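Dear colleague,

I am passing on the structure below, and my notes on it follow. Please read them beside the coordinates.

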Amino acid sequence: ATFKWSFVSRIAVLPIYTDAYKPVLHIGMNFRYGIPKDDSLQVRSKPEVSGAPYFIDTKKFYSDKTTDMGVEIFYRKGPLLLGTEINAFTAYSSQKGNSVFKGGEIYGLYTITGEVRPYFAGMGLFSFLKVKRSVFKGGPGAWTVGLRYSVNDLDDGDITGGEFWRLTPYVTWQLSDMWSTTAAYGYGVLNKDFKQGATQFFQCRFVFLLN
């Protein structure tokens with residue numbers, strides 16, 4: 001969606017934190033208020049594959065303002081990282097009433113080779129792994145396994161954009177601080193227009209980071 005203007009804020013607290021590499025518990029909230037351009041919105045999403053078509057789509061509908069509220073919780077201890085995010089997007093309409101669209105995810109990952117993903121308190125986010133022993137120096141690199149579940153629901157009232165959930169196990173091999181590759185398998189289910197269908201995903205990604 002394109003907005004005439006919007007206000008965005010995010011705040012986080014750290015009940016557990018001493019430095020970037022020791023155990024951390026991050027609890028955050030975000031909020032956005034926006035006025036859509038031309039009083040028109042279209043909420044849609046691909047199934048976490050950039051080349052795929054949009055699986056869920058509300059089509060364009062009238063809305064004169066929106067709010068978006070979310071909660072995020074992350075816990076990291078050593079090579080283990082657990083996290084979840086939940087969001088509720090409300091589209092206000094003086095013509096057809098308000099619609100609330102919901103979504104969220106929960107995931108966990110573990111770095112088998114023992115590397116710890118640093119947390120930057122000033123920005124409230126986790127950074128990239130630093131590989132202990134690079135493949136290019138005779139080491140194994142950094143190996144991480146993960147599991148992620150995500151869901152988005154764009155059905156509310158007269159708007160039937162569909163509901164889609166996906167479960168994704170994956171493994172990442174970081175050869176060095178600059179090179180990594182990820183292989184993932186995904187299983188997703190779409191409920192839309194009173195029909196249900198499943199899709200399997202096989203994905204591989206190669207990443208090269210610049211200093």
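A residue is called buried when its relative accessible area is under 20%, exposed when it is over 50%, and partly exposed in between, with a 1.4 Å probe and protein chains only. By that rule, 36% of the 211 residues of the chain count as buried. Please bear in mind that this is a predicted model, in which local features need pLDDT of at least 70 and side-chain atom pairs count only at pLDDT 80 or more, whereas totals for chains, interfaces and linings use all residues. Residues are numbered from 1 along each chain as its sequence is written, and side-chain values use heavy atoms, with hydrogens and water left out.

The chain has 15 strands and zero helices, where helices (H or I, at least four residues) and strands (E, at least two) are DSSP runs numbered from the N terminus. Its C-alpha trace spans about 65 × 40 × 30 Å along the principal axes. If a contact means heavy atoms within 4.5 Å, then 56% of the contacts in the chain with a separation of 6 or more are accounted for by residues 24 or more positions apart.

The largest pocket has a volume of about 1000 Å³. Here a pocket is an open set of points on a 1 Å grid over the protein atoms alone, where a 1.4 Å probe fits, with protein on both sides within 12 Å along at least five of seven lines; lining residues have an atom within 4 Å of a point. Grid points are joined across faces, edges and corners, and the volume is the space filled by probe spheres set on them. Of the 35 residues that line this pocket, Leu109, Tyr170, Thr172, Thr182 and Arg205 are the closest to its centre. The elements that give two or more residues to the lining include strand 9 (99-111) and strand 15 (195-208), while strand 13 provides the largest share, five residues.

Ser99, which belongs to strand 9, is buried, with a relative accessible area of 8%. Leaving aside residues up to four places away in sequence, Ser99 touches Phe89, Thr90, Ala91, Asp156 and Ile159.

Most residues other than glycine have a negative phi. Asp39, in the loop between strand 2 (24-36) and strand 3 (40-41), has a positive phi near 50° and is partly exposed at 26% relative accessibility. Lys59, in the loop between strand 5 (56-57) and strand 6 (61-62), has a positive phi near 60° and counts as exposed at 52% relative accessibility.

With best regards
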